[in-house]
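Biologist: Can you walk me through this model? Keep it short, please.

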Amino acid sequence: MHWFLWAVLADALLACCGLFSRKIGYYRRMIHFALCALVASSSGILAAPAMWLCGKRASVNWVVARTFYYTTRIVLGISVEIEGEEILQRASPCVLAGNHQSMFDVIMLGRVFPKQTVMLAKRVISYYPFVGWFMRLADDIFISRGSKQSASDMFKRASEELRSKDVSVWFFPEGTRGRFEDGPGLLPFKLGAFLLAYHAKVPLVPVVVMDFHNIYDKRRFWSAPGILKVKILDPIPMDGVSEAGLKQLMDSTRERMLAELQQISPPRIAH
């Protein structure tokens, strides 16, 4: 019990110091963020046996996501508003493609992530403590591209695994976090999400989350409570799409998502 009292006292001290130093206040919120992630990951590990017995192994991700969202909503004061949430049930199973801005994307994922949905991740992540553990328990799909393996072949094999599990999958088509100083934007898309949807013959559902600048800015040590707006766009069917036409479809989807991103993002405030 003593350790808990010391932790509360240390947090209170950081809170007082944070009134005079933005950097200290920022790092205090990052500690809270990490603790919420630890609690959420642990909840997934504990819930996994029950999910397996119910035949809902992939929903371990949903348990982790919702636990993380509701704890961060209380601790960090960040909530999520969704437009078009009903599309997620209508389009399942599908490939969900969202824009990627920062580690705070996981707060959005915490609220949006549907049941029976897995992540497609690099195999190295499966070895990370807690995160990798619950992802393995959730039966997420891990891929490692060899030097002799084409992207099409890799995602074709991943799509076979997706169909066999009868689940949806979440994908960040930008491949990495996009940071833009002059306003909300998107990096060029990679073809992976579209190849996966094409080979699995399931629709691709674009998910757009607003610009994070007013809530989180790592470069300026800024983090504040607020509301994240998310818009689920209409599913893109893969019926009648050829593999040769995926590049054009990818480009048009990116333009559509960029337009929605700029529309739902509030004006940036100076930190």
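Modeller: L38 is partly exposed, with a relative accessible area of 37%. Buried means under 20% relative accessible area, exposed over 50%, and partly exposed in between (1.4 Å probe, protein chains only). This is a predicted model: local features need pLDDT of at least 70, side-chain atom pairs count only at pLDDT 80 or more, and totals for chains, interfaces and linings use all residues. Residues are numbered from 1 along each chain as its sequence is written, and side-chain values use heavy atoms, without hydrogens and water.

Biologist: Where is L38 found?

Modeller: L38 is in helix α2. Helices (H or I, at least four residues) and strands (E, at least two) are DSSP runs, numbered from the N terminus.

Biologist: Which residues make the nonpolar surface patch?

Modeller: I31, L35, L38, F130 and W133 make a patch of about 460 Å². Helix α2 (residues 22-53) gives the most to it, with 3 residues. Patches are made of residues with over 30% relative accessible area and no salt bridge; like charges are joined within 9 Å, nonpolar side chains (Val, Leu, Ile, Met, Phe, Trp, Tyr) within 5 Å. Accessible areas come from the Shrake-Rupley method with a 1.4 Å probe; for residues, only the protein chains shown count as cover.

Biologist: New topic. What is the strand order in the open sheet?

Modeller: The order is β1-β9-β6-β2-β5-β3-β4, 7 strands with mixed pairing. The edge strands are β1 (78-83) and β4 (141-143), and each pairs on one side only. Two strands pair if DSSP finds at least two bridges between them.

Biologist: How many bridges join β6 to β9?

Modeller: There are 3, and strands β6 (residues 204-209) and β9 (residues 226-232) run antiparallel. V208 stands opposite K231 in β9.

Biologist: Which helix packs on the sheet?

Modeller: Helix α9 (residues 246-264) does, touching β2 (95-98), β6 and β9. Contact means heavy atoms within 4.5 Å. The direction of α9 makes about 30° with that of β6. Axes are lines fitted to C-alpha atoms, for helices over the stretch in contact, and angles run from 0 to 180 degrees between N-to-C directions.

Biologist: On to charges. How many salt bridges does the structure hold?

Modeller: It holds 9. A salt bridge is a side-chain nitrogen of Lys or Arg within 4 Å of a carboxyl oxygen of Asp or Glu. In one of them, D211 meets R268 at 2.7 Å, N to O. D211 lies in the loop between β6 and β7 and R268 in the segment after α9, so the pair ties together parts that are 57 residues apart in sequence.

Biologist: Is D211 buried or exposed?

Modeller: D211 is buried, at 8% relative accessibility. R268 is partly exposed, at 28%.

Biologist: What does R219 form a salt bridge with?

Modeller: With E181; their closest N and O atoms are 2.7 Å apart. R219 is exposed at 53%, while E181 is partly exposed at 47%. R220 and D217 also meet in a salt bridge, at 2.8 Å. Salt bridges that share partners join E181, D217, R219 and R220 into one network.

Biologist: Last one. Which peptide bond is cis?

Modeller: The bond from S92 to P93, with omega near -5°. P93 lies in the loop between α4 (86-91) and β2. Most peptide bonds are trans.
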